[in-house]
Amino acid sequence: MTLRDHLADLSRVVNIGIAKKVSFILVNVLILLNVLNYIDYGFNPCRGLLSDGRLVDKSEGIWQPHGCMLHKYKTVDCVACLQFRKIVFAGDSRMRELMFEFIRTINVDYNVPDGKIHSDVDFENDNLKLKFVWLPEINSTALDLYEKWIFEEETRPDVIFQAAASHTIKRTNASDDALEQFSTNFTQLVSKMAKLHEQTDIFWVLQEPVFQARLSNVRKMITDQQLAKYNSAATNIISRSTYKINIVNSFARAASDLMDLSHDGLHLPVQALKIESNILMNYLCNDVIRPIDGSCCQSSPYITYAQKLLAVFGAVCVSGACAVSFLKWKKSDSVKSDLVVDEEKLLPQDQKREPTGNNGITEILITMAKYSLIMLYFYICDRTNIFMKGNKYFTNARFFLPLLYVITLGLFGIVPTSQTSLLNRDQTDEWKGWMQLVILIYHMSGASANVSIYMHIRILVGMYLFMTGYGHFSYFWHKGDHGIYRVLNVLFRLNFLTVSLCLVMDRLYQFYYFVPLCTFWFLVLYIGMTLWPRANVKMVPANGSGTENQSILRNVTSPYFIMCLKLVALFAVITMLFVSERYFEILFSWWPAVRLFELPEGSVREWWFRCQLDRYAMLHGAVFCFIYIILKKLAILDDSMQGCLLSIRSSFITLSISIGAIMSYIIWATQCTDKIQCNRIHSYASTIPVTAFILVRNVPGYLRSSYSAFFAWFGRISLELFIAQYHIWLAADTKGMLVVLSPDWPNLNLVVTSFIFVCVAHEINKITGVITKHFLGAPDVNKSTLLLRFAALFLVIWALSIPEYLLSA
């Protein structure tokens, strides 16, 4: 057998169809395991915050809790969350320092008060009351204090954080009798805590370790072994209690890797205190403030009426598909029907019959059932606490290593292409594919923190919009088709997944910014090319002489001349549109445009920012395509064969200038430090590296005659990959990473989520094609019927997107 035969046999076993079946089974298993895990934690969204985690970066003091995301709180959020609450920190000097750091989170200018070291400290700010109680041991003083809180409501705190042990160990020289007395007293204290638990949240903080080498002589008896005994005693007593008393173990875990930074071996370094303070703030405030990047202790969001209706619709589709599949299976016993099916499969694709009647209904019903299950998976991943989530942390290795792997796979997938034209379909698929993979790595690694990488990624977004202009201009010019069917087809395929997620995930259209950008610039180009006078290749005389060819731009009746004027006018309109941010916002602040482009706070400022960044990218693509058409018409370049586009000398000069332009942009972007200033330059300068890249990729015949099949495969589903990443690969609306396995296995988790993510994106691509075919119908469908369908669809989407508060008013 030849290598080709072996590959053919392998493709029957390993292909995307098999992969999607495996991913379906894997998804169900993972959901089941994570549901059981969630039940085991008592449906507690705080399951890992107080108990476990790992130190990601020691120098920066970055802490990753077990299975959830930490939000970094600012003063405004803290005050809004904690006002009218009384919080008590009870314990020794370690607990006092924790309270001081907690206060600095609320008020960065806070100064530690002078006074007695072993004394109480009060803090009050904007209806928030914090108090440190000097309570270093569990004794009669502690019991009396709890007795007072039980009976005196005005002094009773809302939250208590308490710890004790090191002071007792020091005072008693680590005697066993002291440990036994601690256990006795703590048992009594727990019974009093139980009487407070309905009105007060109580947290027992396990003792952090010490750094033995730096302890003074009078503290040498405070060892990790002694602290562990007290922690074990407290844990056992609390676990035997029937009342809810929270044990905080994550502080000890976080401090264990940082105690070598302690100045005296006992008191915690500032990095550990910041971590502990942030953990407390996330516990107390996440469910109140509900930050996107703070999933710890945040309950699942309220289910909107639109989500409920869509859930019912999905359930009907799944039930109907199951019923239809069962009936189809019952009829499959007929030998005759089997033969008909086999004969149908043998027909060429263009001779297969279109599904009509019952077959068409069955196909759309099964397709909608699949899509409903996929949307349910999206919702489970990113709108429930079934799957865990983790923060993103940027390092050069997290960005460049996956990038190296992807480039290597792409190079091994290079194959020849039968297409010779500049920017042919294979090449554009490859282009979209590698750009999408780079963008995915960029989002996964949190590389937006690096300005240099950010500026390079901005070029990729500009390239996508360039291809929007190039591809659609080429179609309108060569086909001359300005009909409504083509426009609605593009709009439907482009927006189907995005609009679905807007409803299912309760997000505004502008949130998925890339699709609004492509949609907007497509419509701008369509309107510009459709308005009278129209110009396309069908208006060019069939038999033009060489002289006519040379004067195509000087003849005012020439379609080429008309198109030049239209492109200039389009440039002027785009420039005027972005002259003033204020006027731009006014232009897009009317209904229903504002419903599309606003953010939750009602501003279209983000839409302005996104549009103006690559304002000329679409026009650049259209102009480049037009110049390419003119140069072919004038026989200046030739891409009919797999040779150089230009003469040898011209090709060498073009390549040299292009490579120089690319290197110059890379040097500038690498040295860029101010995002705002660099973005201003980018909107104009991005045309240079994009044009240079196209020339380097296409001028040499040997580069234009091959492409990477690996990248091209991903390019065909690039739209689905870009949108789906928000919720089933990343998490918390791209702010974090989805965790479907143990957080202790980050690399394996990334492989599994990536596999499922790619399979889902591929299936959505197929589903979109089927739904588009059935919704739009044939190209010769009546225009009135088509417009009525879209009007009805728009009314349904509009009704589902009405805010809840308007419905209840």
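**Ground rules.** I'm working with a predicted model, so I keep in mind that local features need pLDDT of at least 70, that side-chain atom pairs count only at pLDDT 80 or more, and that totals for chains, interfaces and linings use all residues. Residues are numbered from 1 along each chain as its sequence is written, and side-chain values use heavy atoms, with hydrogens and water left out.

**Whole chain.** I found 33 helices and 13 strands, taken as DSSP runs numbered from the N terminus (helices H or I, at least four residues; strands E, at least two). The C-alpha atoms fill a box of roughly 110 × 70 × 70 Å along the principal axes. Of the 809 residues, 50% are buried, meaning under 20% relative accessible area with a 1.4 Å probe, protein chains only.

**Disulfides.** I took a pair of cysteine sulfur atoms within 2.5 Å as a disulfide, and the count came to four. Counting bonded cysteines along the chain, the pattern reads 1-6, 2-5, 3-4, 7-8.

I looked at Cys46 and Cys297 and got an S to S distance of 2.0 Å. Cys46 sits in the loop between H2 and E1 and Cys297 in the loop between H10 and H11, so this link ties together parts 251 residues apart in sequence. Cys46 is buried at 12%, and Cys297 is buried at 5%.

Next I checked Cys68 and Cys296, whose sulfur atoms are 1.9 Å apart. Their S-S torsion is about 90 degrees, so I noted the disulfide as right-handed. Cys68 is in the loop between E2 and H3, Cys296 in the loop between H10 and H11, 228 residues apart.

Cys81 to Cys285 came out at 2.0 Å, and with -95 degrees about the S-S bond the link is left-handed. Cys81 is in helix H3 and Cys285 in helix H10, so parts 204 residues apart in sequence are tied together. Cys285 is buried at 0%.

I also looked up Cys759, which is in no disulfide; the nearest cysteine sulfur, that of Cys381, is 14 Å away.

**A sheet.** I traced an open three-stranded sheet in the order E9-E13-E12, paired antiparallel, where pairing needs at least two DSSP bridges. E9 and E12 are at the edges with a single partner each, so one side of each has no neighbour in the sheet. Four bridges join E9 to E13, and Gly390 stands opposite Met737.

**Gln436.** This residue is in helix H15 and is buried at 1%. Its contacts (heavy atoms within 4.5 Å) include Tyr464 and Phe722.

Conventions:
Lists of a residue's contacts leave out its neighbours within four places in sequence.
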